[in-house]
Amino acid sequence: SHAMVTDDSEFKAAVEAFLAAYRGVGRAEKVRLVVHHWLDCLACWALEDLYLSGTTILQIIAATEESRSPIRSKPSFYKYLSAAAHRHGLPPLSQDVVKMRNDLIHDGTLSGTSFNNRTAADCNIVVAAALNWIDGYLHTALALGPVRNVRFDPHSFDNLNAYSL
């Protein structure tokens, strides 16, 4: 992964913007809980651990969206994530994000019933997309400006253990 900022002045500006935004929308966006799981995610010991924390963040975002505007017709985790993306002007996540999450939760593996016959490299693509989307969501929800540096690419996780594959 790459750093979000490149120098001390960018870091200071980002922290100040975060703190200012937190006072305004932090509680509504459940930022304290999101940041807790974000730190767990980034301090992972395996790809499964990273993705479980990452998708917990997505679940918090989906629950936040559900409380804002409940979907009447067949509500789902994916529909709420898509609604959050739309509200914040972000591209929707791939269905693979949910399929891999469901396999991890229900089958105990990153590639199982829904996201079947996938390699670690395939899973890395999904993980990078989900984590970069979370960065975009936080930047938009907290009005932090554009993401300065895309932090994750599929090779960010090449040296991370994936015990279920």
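The model is predicted: local features need pLDDT of at least 70, side-chain atom pairs count only at pLDDT 80 or more, and totals for chains, interfaces and linings use all residues. Residues are numbered from 1 along each chain as its sequence is written, and side-chain values use heavy atoms, with hydrogens and water left out. The protein has 6 helices and 0 strands.

**Overall fold**

- Along the sequence the pattern reads α-α-α-α-α-α. Helices (H or I, at least four residues) and strands (E, at least two) are DSSP runs, numbered from the N terminus.
- The radius of gyration, taken over C-alpha atoms, is compared with a globule rule of 2.2 Å times the number of residues to the power 0.38. For 165 residues a compact globule would be near 15 Å, and the protein's 16 Å agrees.
- The C-alpha atoms fill a box of roughly 45 × 45 × 25 Å along the principal axes.
- Contact means heavy atoms within 4.5 Å. Among contacts between residues at least 6 apart in sequence, 62% join residues at least 24 apart.

- Buried residues make up 41% of the 165 residues. Buried means under 20% relative accessible area, exposed over 50%, and partly exposed in between (1.4 Å probe, protein chains only).
- A nonpolar core is a set of buried Ala, Val, Leu, Ile, Met, Phe, Trp, Tyr and Cys residues joined through side-chain atoms within 4.5 Å.
- The largest such core has 44 residues, of which Y51, L58, L131 and W133 touch the most other members. At least two core residues come from each of α2 (31–42), α3 (47–68), α4 (77–87), α5 (95–107) and α6 (120–141). Helix α6 gives the most, with 11 residues.
- L131 lies in helix α6. L131 counts as buried because its relative accessible area is 2%.
- Beyond four places in sequence, L131 contacts W38, C41, L50, G54, F152 and F157.
- Y51 touches residues including D96, M100, L104 and V127, again not counting those up to four places away.
- L131 and Y51 are 80 residues apart in sequence, and 8.9 Å apart in space, C-alpha to C-alpha.

**The surface**

- Accessible areas come from the Shrake-Rupley method with a 1.4 Å probe; for residues, only the protein chains shown count as cover. The total is about 8800 Å², of which 57% belongs to carbon and sulfur atoms.
- F11 is found in helix α1 (residues 8–26). F11 counts as exposed because its relative accessibility is 52%.
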